Amino acid sequence: MKPASISELKKELQALPPARLMEVCLRLAKFKNDNKELLSYLLFEEGDLQGYIAAVKLEMDEAFAAQPKTNLYYVKKYLRKILRGVSKQIKYTGSKVAEIELLLYFLMKIKKAGIKVGESPALTTIYLGQIKKIKKAIESQHEDLQYEYTKELEKL
């Protein structure tokens, strides 16, 4: 079965009465945890982007505190796990500012954790990939923000 396009879904959702729309949203939230997380973000946290970014940074701090330090293989796997979670949170916000701030914080945490990125090609790839994402997101910002974020990126 081929899913409907976004425009088709939008037309159908506009035609639904509010009670039915609520049923559809709740059923969607029950179906998958990601849907529930997105719905929670949209309902409770969308209005306070800086608070949401701070909460995600706090989660990152906790994840980095529990990170294994024994083997580069496990460090790489753990960093990818943290990055998957951060990327999911960035997708929920849909904000380039949130993307820049969270990815900069992620790279800063790698640096503070003393992870030797240059020792592993996989870690180097992860690190450089995030720098590329940040540079791309910075390009879409206002000149003043571009300057500030570029300065922060150069520190890393």
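This is a predicted model: local features need pLDDT of at least 70, side-chain atom pairs count only at pLDDT 80 or more; totals for chains, interfaces and linings use all residues.
The contact considered here involves helix H5, which spans residues 72–93, and helix H7, which spans residues 121–139. The two helices pack at an angle of about 25 degrees, and their axes lie 10 Å apart. Because angles under 35 degrees count as roughly parallel, H5 is described as roughly parallel to H7. The crossing in which H5 passes H7 is left-handed. On the H5 side, the contact is made by Leu72, Lys76, Leu79, Arg80, Leu83 and Ser87; these residues meet Ala122, Leu123, Ile126, Gln130 and Lys133 of H7. By residue class, the contact of H5 with H7 comprises six nonpolar, two polar and three charged residues.

Aromatic pairs were also examined, and the count comes to three. One of them is formed by Phe64 and Phe106, whose ring centres are 5.9 Å apart and whose planes stand at 55 degrees to each other, a tilted arrangement. Phe64 belongs to helix H4 (residues 49–65) and Phe106 to helix H6 (residues 96–112), so this pair ties together parts that are 42 residues apart in sequence. Phe64 and Phe106 are both buried.

Tyr73 and Tyr74 form another aromatic pair, with a distance of 5.4 Å centre to centre and 70 degrees between the planes, which is edge-to-face. Tyr73 has a relative accessibility of 43% and therefore counts as partly exposed. Tyr74, at 45% relative accessibility, likewise counts as partly exposed.

Note on methods. Residues are numbered from 1 along each chain as its sequence is written. Side-chain values use heavy atoms; hydrogens and water are left out. Axes are lines fitted to C-alpha atoms, for helices over the stretch in contact, and angles run from 0 to 180 degrees between N-to-C directions. Helices (H or I, at least four residues) and strands (E, at least two) are DSSP runs, numbered from the N terminus. Angles under 35 degrees count as roughly parallel, over 145 as roughly antiparallel, 65 to 115 as roughly perpendicular and the rest as oblique. A crossing is left-handed if the near helix is turned anticlockwise from the far one by less than a right angle, and right-handed if clockwise. Contact means heavy atoms within 4.5 Å. Ala, Val, Leu, Ile, Met, Phe, Trp, Tyr, Cys and Pro count as nonpolar, Asp, Glu, Lys and Arg as charged, and the others, Gly among them, as polar. Rings of Phe, Tyr and Trp (its six-membered ring) pair if their centres lie within 6.5 Å; planes under 30 degrees apart count as stacked, over 60 as edge-to-face and the rest as tilted. Buried means under 20% relative accessible area, exposed over 50%, partly exposed in between (1.4 Å probe, protein chains only).
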